[in-house]
Amino acid sequence: MHTLVEMRGVKVHFPLQRGETVRAVDGVNLALAPGEAVGLVGESGCGKSTLARALLRLIPLSAGEVWFDGKPLHRLPERELRPLRRHMQIVFQDPMASLNPRMRIGHILAEPLEVHGLARGKQAWQQAGRLLERVGLPSEYLHRYPHEFSGGQRQRICIARAIATQPRLLVADEPTSALDLSIRAQIHALLRDLQRELNMAILFVTHDLHAVRQVCSRVLVMYLGKMVESAPAERLFTAPAHPYTRALLDAVLEPRPSQARRPRNLPVGDVPTAVRVPAGCRFHTRCPYAQERCRVEEPELRAVDESHQVACHYPLSAEAKP
Ligand SMILES: Nc1ncnc2c1ncn2[C@@H]1O[C@H](COP(=O)(O)OP(=O)(O)O)[C@@H](O)[C@H]1O
Ligand code: SF4
Ligand SMILES: [Mg+2]
């Protein structure tokens, strides 16, 4: 498989006072194929945003490598990263914070075209109009300012800006978490359509599993800085192999009739802090299937089959659904 993005052994540690360290990302391997839509899920604080930023080299790595289209991002100085930025864009959670309130939408959208030398002046403005239309807004809105739009419209504008340079990779970090429930699905559909139309890879970071199903063909599950499962989306939803994935699904999916009255929650207890990561399997403090071995030996990510990987000593089988 030709890969667009590859992360190898990536760690991002944040030093705290008193010699402690937040192990936000703690040894992750990941590969994205060109045009692939991949979801990255996990509870808040498990390192998703940090991983996304490390992938784009928006923050430095503590260890490991990130390759983009065969180029070693981890080694390139900022000057050499700049021209590559055109091909890797990001959409953040809060669309208002990402748009300059004093700039007209037309200028906001023309800016990346001009910065990367793709269009200038009137031509850039016209392209900006087409971008607006592409994300479902009329091109007359080019003259308006960000505060004149709703949250959902602003996120459409952020998406338009992100695709202006026709990137090969779009990272969307919880792009709808700040939006009303009623408009989330529209934004997810827009992302999916753009991904297909532009043949652009997407890393869709979210804790919304329904959204992942809508947008992505493959899903990665992260827990406390580590990848614990990777599977095709349908497979992950119907036959998760990691107890943590199973717990995430149980918390959101329709209860099966036999279990209709069981409270559906995430596993007992809170996520341990990324400062004091449990030994062995980091999920053992919350896992209903934990055995002695889990407390001492950390499970590596290994193949269940060709397309499905799991980091667990006792993965769930497709039938075993106690
Ligand atoms: N700049 C930072 N300094 C210290 N700790 C950080 C920093 N950024 C993130 N963290 C910590 O790293 C962990 C992972 O955070 P984050 O990547 O934002 O998780 P997620 O996006 O999955 O919610 C959390 O414990 C968070 O508090
Ligand atoms: S390795 Fe053990 S503790 Fe970890 S998820 Fe698997 S069964 Fe649970
Ligand atoms: Mg986050």
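Contact here means heavy atoms within 4.5 Å. The structure is a predicted model, so local features are given at pLDDT of at least 70 and side-chain atom pairs at pLDDT 80 or more, while totals for chains, interfaces and linings use all residues. Residues are numbered from 1 along each chain as its sequence is written, and side-chain values use heavy atoms, with hydrogens and water left out.

Helices (H or I, at least four residues) and strands (E, at least two) are DSSP runs, numbered from the N terminus. Two strands count as paired if DSSP finds at least two bridges between them. On that basis, one open sheet has 8 strands in the order 6-7-8-3-9-10-12-11, and its pairing is mixed. Its edges are strand 6 (88-91) and strand 11 (302-305), each of which pairs on one side only. From one strand to the next, the twist averages 20 degrees. Within this sheet, strand 7 (residues 169-173) runs parallel to strand 8 (residues 201-205), and the two share 5 bridges. Val 171 has Leu 203 in strand 8 as its bridge partner.

Two helices that touch this sheet can be described by their angles. Axes are lines fitted to C-alpha atoms, for helices over the stretch in contact, and angles run from 0 to 180 degrees between N-to-C directions. Helix 6 (residues 181-197) packs on the sheet by touching strand 3 (37-41), strand 7 and strand 8, and its direction makes about 155 degrees with that of strand 8. Helix 9 (residues 243-252) lies across strand 3, strand 9 (218-223) and strand 10 (226-232), at about 105 degrees to strand 9.

A pair of aromatic rings is described by the distance of the centres and the angle of the planes. Rings of Phe, Tyr and Trp (its six-membered ring) pair if their centres lie within 6.5 Å; planes under 30 degrees apart are stacked, over 60 edge-to-face, and the rest tilted. The count by this rule is 4 aromatic pairs. One of them joins Tyr 244 and Phe 283 edge-to-face, with 5.2 Å centre to centre and 65 degrees between the planes. This pair links distant parts of the chain, 39 residues apart: Tyr 244 sits in helix 9, and Phe 283 in the loop between helix 9 and helix 10 (292-296). Ring pairs also tie Tyr 223 into a cluster with Tyr 244 and Phe 283. How hidden are these rings? Buried means under 20% relative accessible area, exposed over 50%, and partly exposed in between (1.4 Å probe, protein chains only). Tyr 244 counts as buried because its relative accessibility is 0%, and Phe 283 is buried too, at 2%.

Helix 3 (residues 105-115) and helix 5 (residues 151-163) have axes 8 Å apart and meet at an angle of about 25 degrees. That makes helix 3 roughly parallel to helix 5; angles under 35 degrees count as roughly parallel, over 145 as roughly antiparallel, 65 to 115 as roughly perpendicular and the rest as oblique. On the helix 3 side, Ile 105, Ile 108, Leu 109 and Pro 112 meet Ile 157, Ala 160 and Arg 161 of helix 5. The buried residues of helix 3 include Gly 106, Ala 110 and Leu 113, and its buried residues pack against helix 4 (121-134) as well as helix 5. Just after helix 3, Gly 117 has a positive phi of about 65 degrees.

A second open sheet has 4 strands in the order 2-1-4-5, with antiparallel pairing. Strand 2 (21-32) and strand 5 (71-72) are at its edges with a single partner strand each, so one side of each has no neighbour in the sheet. Strand 1 and strand 2 run antiparallel, joined by 9 bridges, and Lys 11 stands opposite Asp 26 in strand 2. Strand 4 (residues 63-68) pairs with strand 5 over 2 bridges, where Trp 67 stands opposite Pro 72. Helix 1 (residues 48-55) lies across strand 1 (5-15), strand 2 and strand 4, at about 120 degrees to strand 1.

Finally, a word on backbone angles. Most residues other than glycine have a negative phi. Arg 57, however, has a positive phi near 55 degrees; this residue is in the loop between helix 1 and strand 4 and is buried, at 18%. Gln 166 has a positive phi of about 50 degrees, lies in the loop between helix 5 and strand 7, and is exposed, at 55%.

Methods. Chains are lettered from A and ligands numbered from 1 in the order in which they are written.
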